[in-house]
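Please keep the sequence and the structure in view while reading.

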Amino acid sequence: MYNGYEGSYTKFSGGSSLVDNGVRFGLFGTYGQKYTSIGEGLFFNGIVGGGYHNYTMCRDISFSDINRTAIGTPTAGELNTMLATGYDIKKGDWTFGPLSSLQYLYFGVPSFNETGADSLDLNTSGWNSSSMIYSLGGHLAYHWQTSKNVTVTPQLSLSWQHEFLQNPYSINSTLGNGTSPVFANWSSAPLRDTLYTGVGFTVDFSKKWNSSLFYNAAAGNVDMVSQNIFWSIGMKF
């Protein structure tokens, strides 16, 4: 089982901002690997979980002699699932092999109303979006026994990802007390293909504790730049 807190703060030009306080929860499992950071042979990984988000949205409205701030507190929920497989080949202290995965994500936002900007408050209907991403690639790792109780495993991965399901969707809204005409904001077209890379290492202590640090980046698509750093601590029991 897993759960955790997720927080983010985004600031836009002009003074607008978005704060997200969220929780994640779910189940994950692996089958086929030995009890080391890198196993041997065929393996399967699976995840099913979800998340709940509580946003605070401050929208700055400044033009002519108008200077107002609209406040919105939308919520959102999501479903996350993944099934992954691979085959590891060991040659001495080296491990390498192909990887493949299929991920499905559903994200839904109920309707909400802004306050604080009077006739310029936004009243938005709910919307949802689904994504299905297939990934195909491989990884390379080196098993380095630095001492009797400490093992360091540097890893490198490279994969191609394709988005099958997500399509542009509209968010219908009105202004003020809802008497304005309904207008729609359309999401951007999805990015169908990306090249996903990862590099990092895992440290195992006494075959019970472990810690990982990884850097991942999406490339190969001129419309998106994505970089992430992941750090984790785990315990086996």
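Which residue takes a positive phi in the hairpin of β3 and β4? In that hairpin, which has 2 residues between the strands, S64 takes a positive phi near 55°.

The model is predicted, so local features are given only at pLDDT of at least 70 and side-chain atom pairs only at pLDDT 80 or more, while totals for chains, interfaces and linings use all residues. Residues are numbered from 1 along each chain as its sequence is written, and side-chain values use heavy atoms, with hydrogens and water left out.

**Overall form**

The protein has 0 helices and 16 strands; helices (H or I, at least four residues) and strands (E, at least two) are DSSP runs, numbered from the N terminus. The radius of gyration of the protein is 22 Å, whereas a compact globule of 237 residues would have one near 18 Å. This radius is taken over C-alpha atoms, and the globule rule is 2.2 Å times the number of residues to the power 0.38. Along its principal axes, the C-alpha trace spans about 70 × 35 × 30 Å. Of the 237 residues, 31% are buried; buried means under 20% relative accessible area, exposed over 50% and partly exposed in between, with a 1.4 Å probe and protein chains only.

Strands β3 and β4 (residues 66–72) run antiparallel and are joined by 7 bridges; two strands pair if DSSP finds at least two bridges between them. D60 stands opposite T69 in β4. Most residues other than glycine have a negative phi. S64 has a positive phi although it is not a glycine, and so does D118.

| Residue | Relative accessibility | Class |
|---|---|---|
| S64 | 77% | exposed |
| D118 | 57% | exposed |
| W160 | 37% | partly exposed |
| G4 | 32% | partly exposed |
| Y134 | 24% | partly exposed |

S64 is placed in the loop between β3 and β4, and D118 lies in the loop between β7 (112–113) and β8. G4 is found in strand β1 (residues 2–11). The C-alpha atoms of G4 and G22 are separated by 8.5 Å, although these residues are 18 residues apart along the chain.

**Aromatic pairs**

Rings of Phe, Tyr and Trp (its six-membered ring) pair if their centres lie within 6.5 Å; planes under 30 degrees apart count as stacked, over 60 as edge-to-face and the rest as tilted. By this rule there are 3 aromatic pairs. The rings of Y134 and W160 have centres 6.4 Å apart and planes at 75°, so this pair is edge-to-face. Y134 lies in strand β9 (residues 127–142) and W160 in strand β11 (residues 150–163), so the pair ties together parts that are 26 residues apart in sequence.

**The second largest pocket**

On a 1 Å grid over the protein atoms alone, a pocket is an open set of points with protein on both sides within 12 Å along at least five of seven lines, and lining residues have an atom within 4 Å of a point. The second largest pocket has a volume of about 350 Å³, a volume being the space filled by probe spheres set on the points. Its lining has 15 residues, of which M57, F112, L122, W127 and I171 lie nearest the centre. At least two lining residues each come from β3 (41–63), β6 (94–109), β8 (122–124) and β12 (170–175), and β3 gives the most, with 3 residues. The lining divides into 10 nonpolar, 3 polar and 2 charged residues. Here Ala, Val, Leu, Ile, Met, Phe, Trp, Tyr, Cys and Pro count as nonpolar, Asp, Glu, Lys and Arg as charged, and the others, Gly among them, as polar.

Conventions
1 Å grid on protein atoms, 1.4 Å probe; cavity = no way out; pocket = protein on both sides within 12 Å on 5 of 7 lines; lining within 4 Å.
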